[in-house]
Amino acid sequence: LLSRDAASFEDLERELTCNESGANIIKLWNTLSRCDGMTGMPLGAAVKGGYDCVLAWLFGMVTFGCQRVALRAEKRTKERRPSLSSRSSSDILVAEEDFNIVFDRSAADIGGELKVVPLALPEVIHTLKDMVEDIAGIQGVQTEVYYCIKMLDYTMARMRAQSTVSSALNASHFRDTFDGFTTGLFINLSCGHNNQYSDEERQQLFSLLSEACESEYSIA
């Protein structure tokens, strides 16, 4: 549909909204485009940048988004079971709730308009799986939808794998020692170029620098 020649925006919009199938395709794209990469960019924004940008989005989610998910799982585990605060990173289990990265609505409120709110990866997968149950509603794009589901399913499974979680936590706490190097820790800042860090962001930066300096693998 979107690859046809000489189709005006009005024609495409009319065809997509005149029947239930078109409405379902719009819902599919709305769901996929809002998939949170957990590194400051939803999938829809990455798609605008082309194939390489989508790959970078996916790699960023698996590498640094995984860190954020693993750290939330670690924090949740320690808060609910304080007696296990010293448990090894290899014992931390990631739950679907750990993918719900806190979204700062005040930071996104620019000029009185709220930006599109990202959707957590598990929510995107569940929504897509619910929609494919109605085959008639996704006529013409079944193959693409199934591919997206399988890719996102694999991505989430990889991020929840025990070896991946352990590696992400080791990197976040500067404990991974592959050839003496660490991938470091990702901090997603909500401020603009000239704005102040928020209190939470300043605390995260302070903790990051303190932990890096205390690590035997840090560079003086």
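H7 and H8 are oblique to each other, a word used here for angles that are neither under 35 degrees (roughly parallel), over 145 (roughly antiparallel) nor 65 to 115 (roughly perpendicular). The model is a predicted one, in which local features need pLDDT of at least 70 and side-chain atom pairs count only at pLDDT 80 or more, while totals for chains, interfaces and linings use all residues. Residues are numbered from 1 along each chain as its sequence is written, and side-chain values use heavy atoms, with hydrogens and water left out.

*H7 against H8*
- The axes of H7 and H8 cross at roughly 60° and come within 5 Å, the axes being lines fitted to C-alpha atoms, for helices over the stretch in contact, with angles from 0 to 180 degrees between N-to-C directions.
- Arg158, Met159 and Arg160 of H7 make the contact with Gln162, Thr164 and Val165 of H8, where contact means heavy atoms within 4.5 Å.

*H7 itself*
- Helix H7 (residues 142–160) has 19 residues and spans 27 Å from its first C-alpha to its last, close to the 27 Å expected at 1.5 Å a residue, the expected span being 1.5 Å times one less than the number of residues.
- Gln142, Val145, Ile149, Leu152, Thr155, Met156 and Met159 are buried in H7, that is, under 20% relative accessible area, with exposed meaning over 50% and partly exposed in between (1.4 Å probe, protein chains only).
- Thr143, Tyr147, Lys150 and Tyr154 are exposed on the face of H7 turned away from its buried side.
- Threonine 155 counts as buried because its relative accessibility is 2%, and, leaving aside neighbours within four places in sequence, threonine 155 is in contact with Leu58, Met61 and Val62.

*H4 against H8*
- Helix H4 (residues 51–80) and helix H8 (residues 162–172) have axes that come within 9 Å and cross at roughly 90°, which makes H4 roughly perpendicular to H8.
- Cys66, Gln67, Ala70, Leu71 and Glu74 in H4 meet Thr164, Val165, Ala168, Leu169, Ala171 and Ser172 in H8.

*The chain as a whole*
- The secondary structure comes to nine helices and two strands, taken as DSSP runs (H or I, at least four residues, for helices; E, at least two, for strands) numbered from the N terminus.
- Of the 220 residues of the chain, 33% count as buried.
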